[in-house]
Amino acid sequence: MVQAARNINLPISKDRSTRQGFGVDKVVLILVLLYLTVPLGATLIFGLSTGNGINFNTYHQVFTDPDFSQTLLLSFGLALASTFLTVLLVTPTAYWVQLRLPRARPMMDFLALVPFAVPAIVMAFGLIEVYGTNNTLINILSLGLVPLLSNEPFNVVNTPQLLVCAYVIISLPFVFRPIDNNLRAINTKVLSEAAYSLGSGWWRTFLTIIIPNILPGVISAALLTFSTVMGEFTLASLFGIYTFPIYLNGTGQNDAHKAASLTILSFILTLICVLGIILLVRIRPGSRGKEDRLDIVAAK
Amino acid sequence: MQLRAAIGTADSATTLNQSAVKTRRPRGINWSYAITSWLGFVPFLLFCLLFEILPAVMIIQSSFVDSTTGALTLHNYSNMLSQAGNVHAFQNSISLSVVTALLGAFFGFLAAYGLNNLRTNWLRNLIISYSSIAANFAGVPLAFAFVSTLGVTGFVTVLLLRWFHIDLYNGLNFSLYTFWGLVLVYTYFQLPLMILITLPALNALRPEWREAATNLGASNFTYWRRIALPILLPSLVAATMLLFANSFGAFATAYALAQGSINIVPILIAFVVNGNVNLDPGLGNALAVGMIVVLLIAVSLYTAMLRRVSKWQGR
């Protein structure tokens with residue numbers, strides 16, 4: 001109701017602003033957009049021009065570099081694995097907390113907020129220390145799981161598997177929010193009770209009733225995770241795993257034109273992910289007017 | 001619970017008995033229910049413990065331990081504070097984050113206000129989408145985009161030199177690879193982030209409030225000074241805190257840009273981990289704890305402000 005009233009009122013406020021004309025805010029908006037566009041345009045031209053004229057030579061060089069496809073493939077795999085694991089871990093838990101354990105919500109909120117206070121660089125440092133040194137306190141606190149994971153046959157020390165787990169944690173702030181917001185918006189309890197009373201089990205309710213209803217949130221969470229992992233540099237560099245951003249950094253230090261071309265390519269990757277969110281989430285009826293649909297990756 | 005108890009004392013003895021019976025019966029059943037409820041939460045909790053909580057615990061614990069002898073000590077902290085380079089790194093990191101957060105918040109807010117007042121819906125949506133892309137475009141690619149633009153041979157640098165005869169590097173003493181260069185780069189992802197965070201708050205400003213104020217004789221300035229800004233203030237402070245945290249922890253952009261020639265805390269920590277410089281791991285832990293402390297202040301302010309937002313904006 002409130003939402004509807006607000007939507008009706010919006011055009012009125014817009015009419016007034018047009019009467020006020022072209023204010024400072026519009027000028028700043030244009031300047032900001034210019035600021036956001038100039039580096040991209042400059043990079044595009046810089047990558048295409050090699051002294052005189054435009055040529056696509058650098059792009060050809062990039063595509064034929066075996067390291068390029070190799071690292072891109074590795075990053076792609078890591079991103080897929082992280083996205084999958086994140087969605088698999090967070091969605092059922094968020095639903096479970098909403099339905100059966102409202103008391104755990106503050107804890108969930110806290111866990112989703114920790115990555116803000118513990119940035120990736122600190123997290124990487126901590127993970128290297130946890131899974132690499134033998135520390136009695138940590139061994140006890142982890143209920144014996146850290147020693148198990150630090151030795152064969154489950155050794156995760158400095159492996160891509162550990163990297164994937166770290167990526168899941170880094171994604172928590174912007175994965176939990178949209179999923180949780182969607183869960184709150186659809187009246188989870190009533191839907192679940194209706195499904196239960198019609199004889200559906202927990203998993204069936206979750207998969208066939210809840211998931212389709214919260215799909216926009218899940219999709220945007222998944223694509224944000226994917227896009228973050230594709231571009232994540234900090235953890236991969238400290239773990240010594242040769243992913244696409246590491247390759248990009250290494251190349252860029254030697255060849256600025258090649259770096260510009262690669263930058264444009266990774267911008268296109270981001271573009272695809274964000275456009276995916278916008279198209280998949282916004283086209284769906286009913287999701288319009290929800291202001292929290294745009295969740296942002298805040299962990300750089 | 002408290003509310004129910006209060007009602008109970010006010011009511012007669014019989015209803016009190018009834019409520020006691022009522023609460024006791026479900027409690028007997030609730031036990032197994034509660035246990036299964038918590039069991040469903042365990043996988044997630046365990047995962048967070050292993051990969052989120054323990055690394056933080058480890059860092060805090062190791063910062064109080066001598067890395068060679070294993071004895072409890074405050075030496076790591078005194079070591080950190082006694083070296084001018086480390087203190088300087090904190091100063092740099094904090095001022096970098098404050099400057100970019102304030103720049104981002106100020107211009108981002110004005111831009112968001114302009115965007116909120118745009119009539120054309122498709123243009124508005126397009127700009128929002130574009131901001132969303134730009135906010136996610138960070139790290140190594142962003143650093144290289146700025147090198148291609150404002151680096152020594154960057155496109156804009158060359159353009160300015162050829163067309164306007166402005167020599168950024170030799171004439172104006174500008175360099176992308178210094179503090180102010182980093183400010184420019186960080187502002188790039190702060191601005192769209194601010195726009196995206198502030199839009200919902202601006203959207204929740206009711207036009208009726210403005211109309212009421214105007215009817216009562218308030219000028220545009222009075223409206224902003226007395227009504228809009230006080231309502232928006234918690235959101236704005238929360239957003240600024242988020243921007244601060246965002247740039248304080250950023251490592252990839254700064255590293256790709258200057259390869260460690262800028263003295264900020266994340267880069268020092270990376271040095272410790274990689275063993276580039278003969279820095280002591282204990283010092284790295286102390287630096288990391290320092291970062292956590294600074295960020296905790298920002299994050300607690302952020303959550304405190306968010307709680308106040310809900311009062312006026314019905315979130």
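What follows is a short exchange about a predicted model.

Colleague: Which element of chain A has the highest mean pLDDT?
Modeller: Chain A has a mean pLDDT of 78, with 84% of its residues at 70 or more. Among its elements, helix α1 (residues 2-20) has the lowest mean, 42. The highest mean, 89, belongs to helix α4 (residues 66-100) of chain A.

Colleague: Over which residues of chain A does pLDDT stay under 50?
Modeller: Where pLDDT is low, the predicted coordinates should not be read in detail. One such stretch in chain A has eleven contacts beyond four places in sequence, and another has 46. The stretch with eleven contacts is residues 1-19, and the one with 46 is residues 285-300.

Colleague: How many helices and strands does chain A have?
Modeller: Read from the N terminus, chain A runs α-α-α-α-α-α-α-α-α-α-α-α-α-α. Of its 300 residues, 46% are buried. Its secondary structure comes to 14 helices and zero strands.

Colleague: And in chain B, what share of contacts between residues at least 6 apart in sequence join residues at least 24 apart?
Modeller: Chain B has 13 helices and zero strands. Buried residues account for 41% of its 315 residues. For chain A, the share of contacts you ask about is 78%. For chain B, that share is 74%.

Colleague: Why is helix α13 (residues 244-254) of chain A largely enclosed by the rest of the structure?
Modeller: Look at which residues of α13(A) are buried: Phe244(A), Pro245(A), Ile246(A), Tyr247(A), Leu248(A), Asn249(A), Thr251(A) and Gly252(A). The helix is largely enclosed because its buried residues number eight of the eleven.

Colleague: Which helix gives the most to the side of chain A that touches chain B?
Modeller: The contact takes 86 residues from chain A and 83 from chain B. By class, the chain A side has 59 nonpolar, 19 polar and eight charged residues. The helix that gives the most to that side, with 17 residues, is α2 (residues 24-48) of chain A.

Colleague: How is α8(B) oriented to α10(B)?
Modeller: Helix α8(B) packs against helix α10 (residues 220-248) of chain B at about 150 degrees, with the axes 10 Å apart. An angle over 145 degrees counts as roughly antiparallel. Therefore α8(B) is, relative to α10(B), roughly antiparallel.

Colleague: By class, how many residues does the contact of α8(B) with α10(B) have?
Modeller: The crossing of these two helices is right-handed. On the α8(B) side, the residues include Tyr186(B), Leu193(B), Met194(B) and Ile197(B). Among those they meet in α10(B) are Leu232(B), Ala239(B), Leu242(B) and Asn246(B). By class, the contact of α8(B) with α10(B) has nine nonpolar, five polar and no charged residues.

Note on methods
Residues are numbered from 1 along each chain as its sequence is written. Chains are lettered from A and ligands numbered from 1 in the order in which they are written. This is a predicted model: local features need pLDDT of at least 70, side-chain atom pairs count only at pLDDT 80 or more; totals for chains, interfaces and linings use all residues. Helices (H or I, at least four residues) and strands (E, at least two) are DSSP runs, numbered from the N terminus. A residue is buried if 20 or more other C-beta atoms lie within 10 Å of its own, exposed if 12 or fewer, and partly exposed in between; C-beta atoms are placed from the backbone. Two residues are in contact if their C-beta atoms, placed from the backbone, lie within 7 Å. Ala, Val, Leu, Ile, Met, Phe, Trp, Tyr, Cys and Pro count as nonpolar, Asp, Glu, Lys and Arg as charged, and the others, Gly among them, as polar. Axes are lines fitted to C-alpha atoms, for helices over the stretch in contact, and angles run from 0 to 180 degrees between N-to-C directions. Angles under 35 degrees count as roughly parallel, over 145 as roughly antiparallel, 65 to 115 as roughly perpendicular and the rest as oblique. A crossing is left-handed if the near helix is turned anticlockwise from the far one by less than a right angle, and right-handed if clockwise. pLDDT is the predictor's confidence in each residue, from 0 to 100.
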